[in-house]
Amino acid sequence: MARVAPFRNLAIRASDGPAFLAGLVIAVPVAATLVAGLVFGGGEAWDHIRTTLLTGYFVGTIGTLALTALFILAFAVPAAWLVTMYRFPGRAIFEWLLILPLAAPGYVLAYAYGDLMGVGGPIQSALRAATGWRARDYWFPDIHSLPGLAFVLALTLYPYVYLTARAAFISQSVCSLEAARSLGASAARSFWRVALPAARPAIAAGLSLSLMEAAADYGAAEYLGVPTLTYGIVRAWTSFGEPATAARLALVLLSLVLSLVLFERWSRGRRGSEQSSRRWRAVARAPLSPLAAAGATMLCIAIFLIAFGLPVARLIWRSLETSETLAPIGPALMNTLILAGAGAALAFVLALVIALSQRAAGPLPRFARLAASSGYAIPGAVLAMGALVVLGLLPFTLTGASALIALAWVYASRFTAAGAEPMVAALDRAPASLSQAAGSLGASPLRRAREVDLPIALSGATAGALILFVESLKELPATLMLRPFNWDTLAVRANAYATDERLAAAALPALLITLAGLVPVIFLSWRLSRARPGAPE
Amino acid sequence: MTIAPTSLSAHDVSRVYDGVAVVSGVSLDLQPGAITALLGGSGAGKSTLLRLLAGLEPVDTGKVCLGDVILSEPGHTRAPEKRRIGLIFQDFALFPHLTALQNVSFGLANLPKDEARSIAAQWLSRLGLGARSGAYPHELSGGEQQRVAIARALAPRPAAILMDEPFSGLDPSLRGTVREEALDAIRAAGVPALLVTHDPAEALESADHIAIMKSGRILQQGKAADVYLKPQGADIAAALGPVNRISGSDLPAGLLKQAIAPDAIVVIRPEGIIPDATSPVRATVVSSRLTGPMARLILNIDDLQVTSLVPRALALPAGSETGIQLDPELSFIFPSGDS
């Protein structure tokens with residue numbers, strides 16, 4: 001009996017064709033990069049980069065990732081634990097407020113902090129005014145450094161770990177903690193020995209996701225002057241015009257990302273994290289002593305202000321203060337909406353095809369879903385590289401419409417998973433017997449897909465579509481590499497102003513990107529607060 | 001360190017949530033070496049009483065004592081980790097990241113590692129899990145998980161054991177054997193033990209004492225047989241199994257020997273209504289259905305329908321007529337208003 005199922009699962013059906021095509025569309029850019037990196041031999045600039053720059057890129061990337069990971073854990077885990085387990089003033093607000101920093105991309109925070117912490121910025125000015133020192137009289141942390149980059153990236157990426165850790169702490173069996181205490185463990189020992197290890201796989205998953213995002217960052221690294229691999233890839237193309245070199249660098253970056261994926265897998269190991277509990281009891285949040293409660297509130301306020309409040313307030317201030325009018329932003333805003341809309345639409349269709357195909361267990365639907373989730377892990381610069389390689393083989397020049405189509409393709413290749421996964425989750429929640437019931441009532445496979453699976457998948461689609469749109473809108477490195485000449489998006493404009501040290505002008509586009517990013521983040525946090533196990537229906 | 005077993009007791013304890021007394025003036029004495037079942041429906045306050053005893057929640061009035069030592073009183077709650085009271089949960093609450101052996105060793109942190117491991121291993125083999133000590137909880141069956149939870153609770157030699165519906169998560173075919181093994185091990189530990197359950201059969205089969213709880217109060221407590229055979233109210237009788245509840249005015253003439261007030265309530269267990277061809281009280285069999293070893297008869301006596309449970313051999317076909325009599329040990333009369 002056990003022999004039959006695998007064979008059936010290997011069957012390739014004609015109905016899997018669309019899923020296979022979707023998977024192919026997503027997988028081609030990364031496959032092209034791999035082939036180019038291995039076959040093209042690195043190009044003329046490769047020897048120069050290998051001998052003079054590669055070590056710096058590699059050390060810069062590894063150092064940034066390691067330090068970012070430390071910062072993220074330090075912000076996210078204590079905040080998640082406090083908010084889940086204890087009562088203190090403002091707790092209910094912080095629960096979702098602490099997710100908001102996800103809205104601002106790393107480069108936006110980098111610009112804001114570059115402005116806040118610069119010699120002429122408000123912090124140092126206030127320090128000098130208070131002490132009477134002059135600029136050379138004192139040491140001040142330099143944001144234009146590797147620790148500065150790690151700090152800024154951690155501020156925008158810690159919510160991934162905060163969310164996964166909080167979900168793990170919420171879903172842990174409260175009975176486990178009570179059992180630990182009945183066995184003589186203090187509250188602190190219960191946290192270190194029971195709650196934290198049980199949440200470790202979730203924390204590792206959130207951490208590897210956020211580090212993949214950190215590895216994909218271009219804008220913050222460029223602005224803060226930290227050489228990383230992604231920075232190197234974009235530069236190899238934009239400065240040297242060397243796709244072969246960029247592809248080589250992309251290969252190095254890919255192996256780094258792959259090791260992050262492997263780290264996440266390895267951290268799951270054989271140990272379980274699923275609770276034996278089938279019964280969910282609300283976490284009875286323990287009250288804190290007045291001093292500890294004040295400490296918890298202060299910590300949450302500090303994290304929120306540093307990660308979101310201060311930099312966004314600074315951007316707002318700068319936007320209002322600047323004499324730059326909305327006029328130069330108008331076309332960029334239009335371009336952004338068109339491009340993000342096109343990318344999101346393509347990704348949405350691919351996501352829908354992949355999600356619906358998952359009802360059938362076969363190699364092609366599995367391939368399509370795998371392709372989508374791998375694409376999500378791969379930096380935009382790498383995918384753009386692949387698109388350039390493919391376009392180089394075709395009789396197209398990278399201008400006008402073909403460049404825009406290539407960009408929408410890269411967005412879809414990178415972000416489809418973000419749209420597909422909520423739909424797959426919606427389908428998974430509905431029992432397979434629904435479709436079987438429809439079959440027993442005489443519905444053909446097509447009608448079952450259209451009238452049963454599709455409406456169910458679409459219940460997860462609003463979130464998916466929002467994420468797709470905003471992710472496309474925030475994308476910077478691929479857009480820089482592929483956009484048609486003079487076709488600026490908000491992200492490209494902000495980047496251009498910031499690198500010219502025109503921070504006041506960069507503030508408005510940066511702010512608009514952040515505001516757009518807030519929409520899905522608020523939507524998601526609202527959904528999360530309702531979807532919690534045990535929450536009233 | 002050996003401490004002579006002593007009783008765990010609650011004296012007049014109450015717990016109020018949002019103005020509602022979930023546990024109200026409850027006194028309960030758990031004797032060493034005896035298993036006391038706390039029986040009641042959902043919302044009766046059983047689990048809250050257990051949490052008060054465990055120190056997971058503070059008492060609003062009264063006190064919880066272990067022997068002469070006060071564990072809880074208003075304004076003072078000795079922390080759960082300082083009580084030496086073992087807990088066993090319905091969902092087992094095993095630590096998912098620790099093996100069976102590590103789970104059982106968890107409460108032995110004050111012992112040298114080797115000693116803790118060897119004690120934990122002994123407990124696992126005592127419960128028949130010697131070969132599974134390296135397995136993680138998700139690799140164990142439900143019954144195995146429950147036995148690990150019991151070994152974990154017993155290994156630190158607790159002063160008392162509290163069990164919250166510990167067997168209701170198990171497959172019915174498994175429940176009987178796991179329960180027997182588990183309760184044998186707990187009895188052998190010789191400490192007070194509380195078994196919270198909503199299953200009257202489980203309470204009667206497993207416990208030495210039974211306390212019946214409803215709406216935050218204990219209605220009756222005592223030896224299991226006493227509570228079953230001498231219930232102090234109609235609700236208590238009903239809590240220990242199905243009953244026929246008949247008001248005095250509806251009672252068919254001749255069914256009871258003595259005269260009773262018309263507003264009295266007569267409670268008769270189904271197995272207390274016995275077919276007897278010679279009895280002058282006549283009944284028609286409305287339906288007859290086999291329910292395992294016993295047959296359930298619905299009988300009509302002067303337009304009054306009652307349920308009778310009889311051995312299969314005594315079952316009568318539907319439509320037949322018979323005389324009936326009552327088993328006085330299983331029939332109870334309560335004055336009006338006393339439910």
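The model is predicted. Chain A contains 24 helices and 2 strands, and 51% of its 537 residues count as buried. In chain B, one open sheet has 6 strands with mixed pairing, and another open sheet has 3 strands with antiparallel pairing.

**Chain A overall**

- Among contacts in chain A with a separation of 6 or more, 86% are between residues 24 or more positions apart.

**Chain A: helices α16 and α18**

- Helix α16 of chain A spans residues 363-377, and helix α18 of chain A spans residues 400-429.
- Their axes come within 6 Å and cross at roughly 115°, which makes α16(A) roughly perpendicular to α18(A).
- The crossing of α16(A) past α18(A) is left-handed.
- On the α16(A) side, the contact is formed by Arg369(A), Ala372(A), Ser373(A), Gly375(A) and Tyr376(A).

**Chain A: helix α23**

- Helix α23 of chain A (residues 490-499) has 8 of its 10 residues buried, so the helix is largely enclosed by the rest of the structure.
- The buried residues of α23(A) are Leu490(A), Ala491(A), Val492(A), Arg493(A), Ala494(A), Asn495(A), Tyr497(A) and Ala498(A).

- Strands β3 (residues 35-39) and β10 (residues 209-214) of chain B run parallel and are joined by 4 bridges.
- Thr36(B) has His209(B) in β10(B) as its bridge partner.

**Chain B: helices α4 and α5**

- Helix α4 of chain B (residues 142-154) lies across β7 and β8 (160-164) of chain B, and runs at about 170° to β7(B).
- α4(B) also packs with helix α5 (residues 172-189) of chain B at an angle of about 10°, with the axes 10 Å apart.
- That angle makes α4(B) roughly parallel to α5(B).
- The contact residues in α4(B) are Gly142(B), Gly143(B), Gln146(B), Arg147(B), Ile150(B) and Leu154(B).
- Those in α5(B) are Leu174(B), Val178(B), Ala182(B), Ala185(B), Ile186(B) and Ala189(B).
- The residues of the contact between α4(B) and α5(B) comprise 8 nonpolar, 3 polar and 1 charged.

**Chain B: the sheet of 3 strands**

- The order in this open, antiparallel sheet of chain B is β12-β13-β19.
- Strands β12 (244-247) and β19 (331-334) of chain B are the edge strands, and each pairs on one side only.
- From one strand to the next, the twist averages 20°.
- Strand β13 (residues 265-268) of chain B runs antiparallel to β19(B), and 4 bridges join them.
- Val266(B) has Ile333(B) in β19(B) as its bridge partner.

Terms used
Residues are numbered from 1 along each chain as its sequence is written. Chains are lettered from A and ligands numbered from 1 in the order in which they are written. This is a predicted model: local features need pLDDT of at least 70, side-chain atom pairs count only at pLDDT 80 or more; totals for chains, interfaces and linings use all residues. Axes are lines fitted to C-alpha atoms, for helices over the stretch in contact, and angles run from 0 to 180 degrees between N-to-C directions. Angles under 35 degrees count as roughly parallel, over 145 as roughly antiparallel, 65 to 115 as roughly perpendicular and the rest as oblique. A crossing is left-handed if the near helix is turned anticlockwise from the far one by less than a right angle, and right-handed if clockwise. Two residues are in contact if their C-beta atoms, placed from the backbone, lie within 7 Å. Two strands pair if DSSP finds at least two bridges between them. Ala, Val, Leu, Ile, Met, Phe, Trp, Tyr, Cys and Pro count as nonpolar, Asp, Glu, Lys and Arg as charged, and the others, Gly among them, as polar. A residue is buried if 20 or more other C-beta atoms lie within 10 Å of its own, exposed if 12 or fewer, and partly exposed in between; C-beta atoms are placed from the backbone.
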